[in-house]
Amino acid sequence: MFLFVLIAIVTLAIFQDYLHSKRGDYPFFFSESLLFKSLWFLFPPILLLIKPVFQQRPITTPFQMGLVVCVATLAHLLLVPLTIWCLSTVFREQSYGFVKVLTFTLSNDLVKIVLVYSVYLFLLNYLGIKSKKSQLEKHKVPSQYLCVSNGKNNTRIKLSDISYIKAATPYIAIQVENKQHLHSETLKSIGDKLDSRFVRVHKSSIVNIEHVLSYKSRLNGDYDLLLEDGAEIRLSRNYVNDFKKCFEPTPQLTQ
């Protein structure tokens, strides 16, 4: 894939030279154009050298990224005239001078070189951070407790003991057995911390499906849930399907 992209870029660059020659009414030489496009063929080896360095020691700060881009750009700027001088010496009757090619590259290709290395480092950094996050999430062990804070009080509650959670503006009320805890958080944000046993049943309430004994229709699309502690929670028609999927799991087929 990378090779295909590289060939496509070189082809477009040569075609651009051809268009310039037609517009400027001067001869177009394919071999000469291809020779100067060696600029693009120097990217892969330098990029491949940067990657293992990045993997050993991640480059995260702007100073580090700027330093690597400067070093890579300088190396590229020196390699381009050296490569063209060597190839022209071998394959052409007249070679191109090192200084002349260097000044040409500086005036025409400096921005391209800096841009390629900057984008490459940014992508390496972005993909590295994304990979670390996915690994952390993959190995993350779900917590079995919830820390409830109300003023100066901070209480740790076992998730399995929670029967339901309701909005109690400006707090939320967490029902545990015969005790209710007020917590300074929104229903939505606390819902993101709970596991799959907790189901949203109303815009203002979440229930622990393990504490639900039964549900009864109100004949208008809504339902009433009966919990183990005798509490009744309203199930809104907007959340019925999600609730039933959890309350009435598909039975496993017997062999």
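Predicted model: local features only at pLDDT ≥ 70, side-chain atom pairs only at ≥ 80, totals over all residues.
Visitor: Thanks! Which strands stand at the edges of the open sheet of 5 strands?

Guide: This open sheet has antiparallel pairing, and its order is β5-β4-β3-β7-β6. An edge strand has a single partner, so one of its sides has no neighbour in the sheet; that applies to β5 (179–183) and β6 (198–202).

Visitor: How many degrees does the twist of that sheet average from one strand to the next?

Guide: Follow the order β5-β4-β3-β7-β6 across the open sheet. From one strand to the next along it, the twist averages 20 degrees.

Visitor: Which residue in β5 stands opposite Val 176?

Guide: Strand β4 covers residues 171–176 and pairs with β5 over 5 bridges, in the antiparallel sense. Val 176 belongs to that pairing, and the residue opposite in β5 is Lys 179.

Visitor: Let's move to β3. What is the bridge partner of Ile 165 in β7?

Guide: Strands β3 and β4 run antiparallel with 6 bridges, and a hairpin of 2 residues joins them. Strand β3 also runs antiparallel to strand β7 (residues 205–208), with 3 bridges. There, the partner of Ile 165 is Ile 206.

Visitor: Is Ile 162 buried or exposed?

Guide: Ile 162 lies in strand β3, residues 162–168. Leaving aside neighbours within four places in sequence, Ile 162 is in contact with several residues, including Leu 146, Ile 157, Phe 198 and His 211. The relative accessible area of Ile 162 is 0%, and the cut-off is under 20%, so Ile 162 is buried.

Visitor: What distance separates the C-alpha atoms of Ile 162 and Ile 174?

Guide: Ile 174 is also one of the contacts of Ile 162. Along the chain the two are 12 residues apart, and their C-alpha atoms are separated by 6.9 Å.

Visitor: Which residue takes a positive phi in the hairpin of β1 and β2?

Guide: Strand β1 (residues 145–150) pairs with strand β2 (residues 153–158) in the antiparallel sense over 6 bridges, and Val 148 stands opposite Thr 155. There are 2 residues between the strands of this hairpin, and the one with a positive phi near 70 degrees is Gly 151.

Visitor: And in the open sheet of 3 strands, which are the edge strands?

Guide: The order here is β8-β9-β10, with antiparallel pairing. Each edge strand pairs on one side only, and they are β8 (212–217) and β10 (232–235).

Visitor: What is the bridge partner of Ser 214 in β9?

Guide: Strand β9 (residues 223–227) runs antiparallel to β8, and 5 bridges join the two. Among the bridge partners, the one for Ser 214 is Leu 226.

Visitor: At what angle to β8 does helix α8 run?

Guide: Helix α8 takes in residues 240–247 and lies across β8, β9 and β10. Its angle to β8 is about 140 degrees.

Visitor: Now the largest pocket: what is its volume?

Guide: The lining has 22 residues, and Asp 17, Ser 33, Phe 36, Lys 37 and Phe 104 lie nearest the centre. Two or more lining residues come from each of α1 (2–24), α2 (30–36), α3 (38–41) and α6. By class, 11 are nonpolar, 6 polar and 5 charged. The volume of this pocket is about 560 Å³.

Visitor: Is Lys 37 buried or exposed?

Guide: Lys 37 sits in the loop between α2 and α3. Beyond four places in sequence, Lys 37 is in contact with Val 10, Ala 13, Ile 14 and Asp 17. With a relative accessible area of 11%, against a cut-off of under 20%, Lys 37 is buried.

Visitor: Last one: what is the relative accessible area of Asn 125?

Guide: Asn 125 is in helix α6, residues 98–139. Not counting residues up to four places away in sequence, Asn 125 touches Phe 54, Ile 59, Thr 60 and Met 65. Asn 125 is buried, and its relative accessible area is 12%.

Technical notes
Residues numbered from 1 in each chain as written. Heavy atoms only, no water. Pairing = 2+ DSSP bridges. Helix = DSSP H or I, 4+ residues; strand = E, 2+ residues; numbered from the N terminus. Axes fitted to C-alpha atoms, helices over the stretch in contact; angles between N-to-C directions. Buried < 20%, exposed > 50% of the residue type's maximum accessible area, 1.4 Å probe, protein only. Contact = heavy atoms within 4.5 Å. 1 Å grid on protein atoms, 1.4 Å probe; cavity = no way out; pocket = protein on both sides within 12 Å on 5 of 7 lines; lining within 4 Å. Points joined across faces, edges and corners; volume = space filled by probe spheres on them. Nonpolar A, V, L, I, M, F, W, Y, C, P; charged D, E, K, R; others polar.
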